[in-house]
Amino acid sequence: MAEKEKEIDREAQIPDNIPVLPVRDIVVFPYMIIPLFVGREMSIKAIEQALGESRMILLLTQKDLNIENPAVTDLYETGTVGMIMRMLKLPDGRVKILVQGLAKAKVSGFTQTVPFISADIQKVEEVKPASLTIEEEAQIRTVKEQLDKAVSYGKTILPDIMVVIENLDDPGRLADLVSSNLGLKTDQAQEILEIQDPTKKLKRVSDILSREIELLIVQQKIQSEARGEIDKTQREYFLREQLKAIQKELGDIDERAEEVREFKKKIEDARMPEKVLKEAEKQLKRLEKMHPDSAEAATIRTYLDWLVELPWAKSTKDNLDIKAAKKVLNDDHYDLEKVKERILEYLSVRKIKEKMKGPILCFIGPPGVGKTSLGRSIARSLGREFVRMSLGGVRDEAEIRGHRRTYVGALPGRIIQGIKTAGTNNPVFMLDEVDKIGMDFRGDPSSALLEVLDPEQNFAFADHYLSVPFDLTNVMFITTGNLADTIPGPLRDRMEIIYLSGYTTEEKLGIAKKYLLPKQLEEHGLTSKILTIADPALNLLISQYTREAGVRNLEREIANLCRKVAKRIAEGREKTFMVTVKNLQSFLGVPKYLPEEEIEHDEVGVSTGLAWTEAGGDIIYIEATTMKGRGSLTLTGQLGDVMKESAQAALSYVRSTAKSLGIKDDIFAKTDIHIHVPAGAIPKDGPSAGITIATAVASVFTGRPVNKNIAMTGEVTLRGRVLPIGGLKEKTLAAKRMGIRKVILPKRNKKDLEDIPKYIKKDMEFIFAETMEQVLKAALKGKKQKS
């Protein structure tokens, strides 16, 4: 009786208005003792207020636990009044309190929200029945039995709590105590808290316990099955080990079983994707059942060897040091700034974003400019393996995709072979001569490459031999070619094309001094003290002993020079050599290429054009002459169709503007014109000689000489518009080599001058023309000559 009076007195002490502490992810029940960590400023102030008054605080649960600063509408209205038993301030600014639930209370109105929430409350009384009905007693007994059953199936409840529960006969308190120890979801716990009828509350707890028991039974069944599988696997492992030990003691080791065991270990070590693993295990089971000497067993062995040796999960770590990568690229290659910049950009993105698809680059340029060696340098700068495959003359699709295993001697395609050779799944893979792929009845290799070089498809590249997908997204593919035009359109569309133009004389000189000469000296057992080549001699070697865009022949000539020196040293003639312009011919013989002779004076009917060749830029002289006749046009010099059409368009333009040029109209009908482009033995074609031909024709009909110090390039239309051209860098270089400092260019090519190095543009004057009228005004000199 005294205890009851004490309890009533304690409840009577609960004030009508108290601070509110919003709690997340938990519902506090009466008589429940729980530690709480409080970090929100308004919550800390509410605790301080409670401690300064009655030490009592209303614990209301948030409807949404993700709200950081809840409003009063975000809180449930029914909660528990708690007594703050202890409080501890933590170093990080938070507060830890120990709270005991006293009684349920309902908010009748919020009186304050700043700096903390406080509310008027109404205590919710739960009347303990004087005596239990049979239904209530049965419900209490059912809940206790359910709880015992739940504990037997693995539900964790402290033994002390179980003892308290066993001695409780109050339906309301029993329901609260069981609910607080079941780990219920917030909405379920809040629902139970809000039920006022003790019997109904206990019935709801019983329903929840029933579902919990069902879940525990299923969970135990799953764990039991998993445990059974583990036990079975362990038992099989011990039995196999015992069998192996017995066979070893008897000297009766089964070779086939040993082979299967080795394959199993290799399959485990290979860390294959799930789909590949299933196929490997399936083929291994087939091998296990076959006679070891059968032909099919040999095929399966070869197939499994390929599967286990491929680097499914093995990759090299990229060197993401941008400065170090830049140093490697600069050490290996002279100039080529665009390519180096693209590689450094890729590395920079990889440094920021770990997972990204490898770029698919295509280097297009003349032979010998360093496309293949650049790929090797890229691999070295990235710290990756390098694989090279030549596609020149490949006509069989199986070279790319592999042969099906039904064929005798079938093997994977060269892509998978290259990956295996590299030993990693992220090498730099170079596909040389992509512009020279063939096609015949055996298939189209370029179409097979579409899957390889498409980042949206190559994550699951299916080789015909493997029949399982291999992920190529980590591979950096680099293709090379001499011309982009011969690459099929769909294949070209999948690649990022970077053009490598030919080297200038100055660039070749730098490459020769920095790379080629030291390399050849080392290969021939010489040193820089034994053989020295003066810069003027190297320039002469470049211009008159080689004619190419790259440096391949230049390296051969330097090697030739080193051999001559080595021979003289071996004969005991001299010990040191200095190669100059004067004595170069004594080593290498007469020059192979003589420079085009300059025009000595301005001539009528002779214009200087600029052409692009695979060996770089060159100048061409276009000659035009007239004779009495019937107005026919003769073209010589092995001109291609494009140049023939340019000549006809140029003549038509001159005829249409004859009046403005001061040409009599009737002269065309009684005059034949002959256009010739030396040298006659060399085929010529291209769309950039139009204005040069038109200038020569206009010159010969007007009798005005062409300025010999002007070179030009551009296509002309019938209306006299000047169209843009390509190969501007090479053509500008050709003009500079010949000492021509004034060049006429199409106005639309003005933007391309930015790509030309400053040292090439130095001392050069560029005239940009939109119309043929502007070209003739700049190129033709004087007035009509008198005959």
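Modeller: D463 is buried (under 20% relative accessible area, with a 1.4 Å probe and protein chains only; over 50% is exposed, and in between is partly exposed). Yet D463 has no salt bridge, meaning a side-chain nitrogen of Lys or Arg within 4 Å of a carboxyl oxygen of Asp or Glu. Lys and Arg count as positive, Asp and Glu as negative, while His and the chain ends are not counted. The nearest side chain of opposite charge, R405, is 8.0 Å away. A word on the source: this is a predicted model, where local features need pLDDT of at least 70 and side-chain atom pairs count only at pLDDT 80 or more, while totals for chains, interfaces and linings use all residues. Residues are numbered from 1 along each chain as its sequence is written, and side-chain values use heavy atoms, leaving out hydrogens and water.

Colleague: What lies 2.9 Å from a polar atom of the side chain of D463?

Modeller: The backbone nitrogen of Y465. A polar contact is a pair of N or O atoms within 3.5 Å; within protein, one must be able to donate a hydrogen and the other to accept it, and residues adjacent in sequence count only if both atoms are side-chain atoms.

Colleague: Where in the chain is D463 found?

Modeller: In the loop between strand 10 (461–462) and strand 11 (469–470). Helices (H or I, at least four residues) and strands (E, at least two) are DSSP runs, numbered from the N terminus. Leaving aside neighbours within four places in sequence, D463 is in contact (heavy atoms within 4.5 Å) with several residues, including R401, P412 and V468.

Colleague: Is N553 buried or partly exposed?

Modeller: N553 is partly exposed, with a relative accessible area of 31%. Its place is in helix 20 (residues 552–570), and a polar contact of 2.4 Å joins the side chains of N553 and R556.

Colleague: How do I read strand pairing?

Modeller: Two strands pair if DSSP finds at least two bridges between them. Strand 1 (residues 17–23) pairs with strand 6 (residues 118–123) in the antiparallel sense over 3 bridges, and N17 stands opposite D120 there. Strand 1 and strand 3 (residues 56–61) run parallel, joined by 4 bridges, with V20 opposite L58.

Colleague: How many residues of strand 1 are buried?

Modeller: 6 of its 7 residues, so strand 1 is mostly covered. Across the chain, buried residues make up 45% of the 787 residues.
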